[in-house]
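Dear colleague,

I am handing over the structure below, and after it you will find my notes on what was found. Please read them with the coordinates open beside you.

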Amino acid sequence: MDIFGNAYNAGKSWPTTIVTSRQRYGCCGSGHILVEAYNVLKAIYEERGYRTRDIPKLILENNLFGLDIDDRAAQLAGFALLMKAREDDRRILTRNVRLNVLAMQSSQHLDANTLWRDLNLTGDWHQGQSQGLFDSEQQDLSSNDATYKLIADLIERFQDAKTFGSLIEVPNEWEAPLKALLEELTELSNSGDIMQKAAAQRLVSMVQQAWALAQRYDAVVANPPYMGSKGMNKALKDYAKKAYPNSKSDLFAIFMEHAFSLLVPLGYNAQINMQSWMFLSSYEKLREWLLDNTTIITMAHLGGRAFDSISGEVVSATAFVMEKIAKPDYKGAYLRLVEGKSEAEKKCALLEAIQNRDCGWLYDAKPDDFKKIPGSPVAYWASKGVISNFSEKSSLEDNVLFRQGMATSDNDRFLRFWYEVEFKKIGLNCKGPKNLAESKKKWFPYSKGGGYRKWYGFNDIVVNWENDGFELKEFTSTLTQGMNVRLKSRNYYCIPNVTYSALTSYKFSARLNGSGFLFGTGGSCVFGEDNLTTILCLLNSTSSDYFLSMISPTLNFEMIDVKRLPFEYHKEVEVIAKEAVKISKSDYDSFEVSYDFEKSPLIFNDFDRIKNSFAIYLSGSYSSVADLKNIEEKNNELFCEKYNISSFVSRAVDKKHLSLFKNIHYRYSDYSLNEKSKSYQSETIAELSSYSIGCMMGRYSLDKPGLILASQGESVRDYLAQIPEPSFAPDKNAIIPLTDQEWFLDDATNRFRDFVRTVWGAEHLQENLDFVAESLCLHAIKPKKGEAALETIRRYLSTQFFKDHLRTYKKRPIYWLFSSGKQKAFECLVYLHRYNESTLAEMRTDYVIPLTTKLASYVEKLEQDKDASTSAAEAKSIEKELSKLYKQQAELNTFDEKLRHYADQRISLDLDDGVKVNYGKFGDLLAEVKQVVGK
């Protein structure tokens with residue numbers, strides 16, 4: 001709702017008011033800002049001595065004007081305003097008040113010649129004349145008339161009124177002729193002939209909205225609509241680019257800029273809108289224009305959660321008053337209310353600041369100071385010392401090279417998680433572009449960004465750059481912009497760098513990439529042979545966080561913002577960087593998602609109890625967290641001193657910000673301390689079970705660190721070539737049954753027991769199994785009263801293991817779960833890298849057909865037991881179990897038929913196609929197909 005006001009006082013000059021509100025958050029369209037404007041104007045009238053009964057009509061006719069593209073919004077706003085006026089004048093509805101609250105109307109149905117003829121404003125058209133005889137004469141006469149030209153121009157101008165609304169510009173010099181025309185049309189609507197009445201009624205609304213837009217006002221109050229350029233239709237997008245190039249990125253910014261064109265000199269623009277215009281580089285030109293032509297008088301920076309009806313940080317808002325004149329030295333008042341978690345908290349903080357200027361969140365700032373910071377962000381809280389870092393020190397861009405990487409334009413085709421493909425096809429540690437081009441490998445590490453993690457990690461993506469990127473180059477050459485634009489910075493591939501995530505769900509973080517990494521647009525990289533350690537430490541410091549909070553206080557860190565950070569070389573941080581990277585890499589490599597993972601961190605040679613192994617691991621985890629905390633705090637201290645900001649930028653690091661997987665405060669930040677400890681123990685034991693499955697499959701071995709069988713077609717023979725006498729032998733065909741009962745001696749549960757016996761010995765086997773079961777029941781699964789340890793482990797493996805595996809491997813599992821269905825008659829894991837064309841046939845021969853026989857025998861035995869039972873309770877229990885077995889038999893028979901069908905096809909896989917493609921080749925033989933394939 002665009003609501004305009006024009007004050008009037010018997011010839012005296014009053015400030016005029018324009019109020020703008022759009023239907024947003026469910027209440028703006030009802031005219032709530034308009035009603036508040038009424039209250040203000042009423043107080044002004046009363047102060048001037050007007051009678052209370054006379055005030056409502058004066059305000060409604062002379063002060064407030066409303067426009068909206070939505071008819072219903074205009075009706076609601078008009079109704080709200082009338083009801084407000086009726087509180088002061090109970091007879092207002094009988095006074096024939098002309099309410100200036102309008103719905104913008106399109107002129108597409110209007111014809112200037114027809115209207116001009118029917119209005120007959122000049123008297124040249126005589127009743128009874130033949131229309132066809134005098135058409136040309138009438139056209140000649142009207143074409144020279146100023147009023148006709150005005151009507152014709154308005155019809156052309158308002159063709160898209162329902163799209164552009166009050167963004168349509170009407171020259172201020174038209175105000176007087178439009179008002180005169182409006183009065184004449186109003187008179188004709190009441191006293192004209194039949195043709196004049198009809199024509200005047202069709203035209204009056206368009207003239208009235210044009211008159212409102214032609215006026216200039218002393219104040220604008222607005223809650224404009226929010227719409228990014230992606231949501232605009234072509235007409236609106238084209239208009240925005242042409243008329244508002246500085247603010248075209250979002251409709252709220254366009255309205256913000258447009259409001260100044262509706263103001264008189266020294267007028268005020270007061271709005272609440274999104275804070276993005278204050279910081280983002282896409283609004284830099286708008287900020288420059290605002291700082292050169294206007295002055296921020298006051299601002300309440302609300303941040304996220306400004307509206308209780310909108311959860312989280314979806315809308316981060318700011319409310320402000322700007323004056324239409326540049327006052328470079330004017331100190332505006334800024335309230336920093338971003339810490340408030342609700343409307344009520346922000347309101348309390350605002351009211352407190354009004355009463356107490358020393359509250360700590362009220363700042364004074366001059367517009368000219370904003371210009372001293374690159375990009376001119378509205379960083380009102382920055383002190384002179386902070387600003388001097390930007391103005392006096394060189395920028396990061398002046399000292400290092402920033403490079404944005406490739407845009408593959410088809411990630412599904414060219415990117416994979418490293419564990420999806422054959423490990424022998426992955427080229428690690430290439431030393432620069434030349435070495436990369438000469439490599440015979442197909443897949444190479446690819447830095448793609450990620451979430452929040454400092455120092456090292458997120459190295460799980462590989463890109464197809466076989467034959468020096470031949471396929472990718474050929475593909476991008478056919479696209480718009482071509483290869484060189486989409487595959488940028490190729491001369492910097494595989495050179496050591498510092499990378500950071502452009503888009504994160506938390507804070508800014510940077511990581512070290514050694515040799516061998518290609519990189520994309522989401523993982524932009526910084527290069528500087530002599531400065532890499534300083535860059536890494538600077539970007540991971542609280543100083544960097546503080547500076548970025550001024551330049552780009554969002555979760556999207558654009559390269560241009562990072563480039564603008566003030567740079568200060570610091571030799572002392574070299575040791576810090578090495579130690580921090582060492583701790584972070586050790587942490588990252590202790591989990592299976594790292595290709596440098598060697599073995600479970602719980603396996604120590606000199607322990608015979610798992611609980612002792614876990615205790616040592618837990619102690620080491622705490623130690624790593626404490627060491628990294630000290631390192632990061634030392635790093636923060638060094639840079640705070642360098643930038644002279646120690647007095648207001650803390651060196652302290654909250655434990656939940658230490659981005660180690662071993663850190664329970666980071667990993668489970670929203671949990672209570674007790675829940676954190678339980679979850680960590682439970683998940684660590686679940687990870688041990690995953691490692692044990694890897695050893696069963698031959699992916700890992702207790703006798704040799706790192707990957708063993710991780711390429712297509714490898715078999716037990718290849719395993720034995722590396723480890724001739726394994727202490728824990730891999731499965732011969734990499735098929736591991738997962739059943740809720742013990743049907744096979746080599747099922748996952750029995751093999752896990754053997755694994756525990758092999759690692760920790762037979763003496764404390766039961767104690768170790770008990771610890772595993774108890775740990776799993778802390779978080780992974782719910783405890784079950786009276787259940788034996790091995791049965792608890794069996795229940796975890798059959799019900800929860802694959803879910804955890806999907807989460808760990810990001811819906812690209814390497815151990816595939818073949819399942820008969822809901823009844824879980826038969827389920828087994830198959831190792832992707834050891835799958836071959838005979839795997840399904842072996843599954844059927846070795847497990848499914850024997851299980852069919854075992855089920856039948858067991859059913860027969862239970863039926864005999866039921867017949868022989870003398871206890872009603874026992875018979876009922878047997879009957880219940882039989883019912884389940886009957887269902888399992890039927891399910892298994894159906895599964896066997898499907899399995900035979902697919903086995904006969906002898907399906908082959910190409911691991912280069914990725915899990916998403918290959919997983920879909922087996923229909924519903926596999927579990928969780930939708931999660932993996934996405935269909």
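Where do Asp153 and Arg157 both lie, and how many residues apart are they? Both lie in helix 6 (residues 146-157), 4 residues apart, which is about one turn of the helix; helices here are DSSP runs of H or I with at least four residues, strands are runs of E with at least two, and the numbering starts from the N terminus.

Before going further, please keep in mind that this is a predicted model, in which local features need pLDDT of at least 70 and side-chain atom pairs count only at pLDDT 80 or more, while totals for chains, interfaces and linings use all residues. Residues are numbered from 1 along each chain as its sequence is written, and side-chain values use heavy atoms, with hydrogens and water left out.

On the overall picture, the protein chain contains 36 helices and 21 strands, and its C-alpha atoms fill a box of roughly 110 × 75 × 60 Å along the principal axes. Of its 935 residues, 53% count as buried, where buried means under 20% relative accessible area, exposed means over 50%, and partly exposed lies in between (1.4 Å probe, protein chains only). Among the contacts with a separation of 6 or more, 70% come from residues 24 or more positions apart, a contact being heavy atoms within 4.5 Å.

Turning to the salt bridges, the count comes to 51, with each defined as a side-chain nitrogen of Lys or Arg within 4 Å of a carboxyl oxygen of Asp or Glu.

Arg413 is partly exposed at 35%, and Glu471 is partly exposed at 31%. Asp88 forms a salt bridge with Lys42, with the closest N and O atoms 2.8 Å apart; because Asp88 sits in the loop between helix 3 and strand 4 (101-103) and Lys42 in helix 1 (residues 32-47), the pair ties together parts that are 46 residues apart in sequence. Asp88 counts as buried, at 19% relative accessibility.

Two single residues may be worth a look. Leu638, in helix 25 (residues 610-643), is buried at 6% relative accessibility and, leaving aside residues up to four places away in sequence, touches His570, Glu572, Val573 and Ile576. Lys448, by comparison, lies in the loop between strand 13 (443-447) and strand 14 (461-464) and is partly exposed at 40%; with the exclusion of residues up to four places away in sequence, Lys448 touches Asn411, Leu415, Gly522 and Gly523. The C-alpha atoms of Lys448 and Leu335, which are 113 residues apart along the chain, are separated by 38 Å.

With regards
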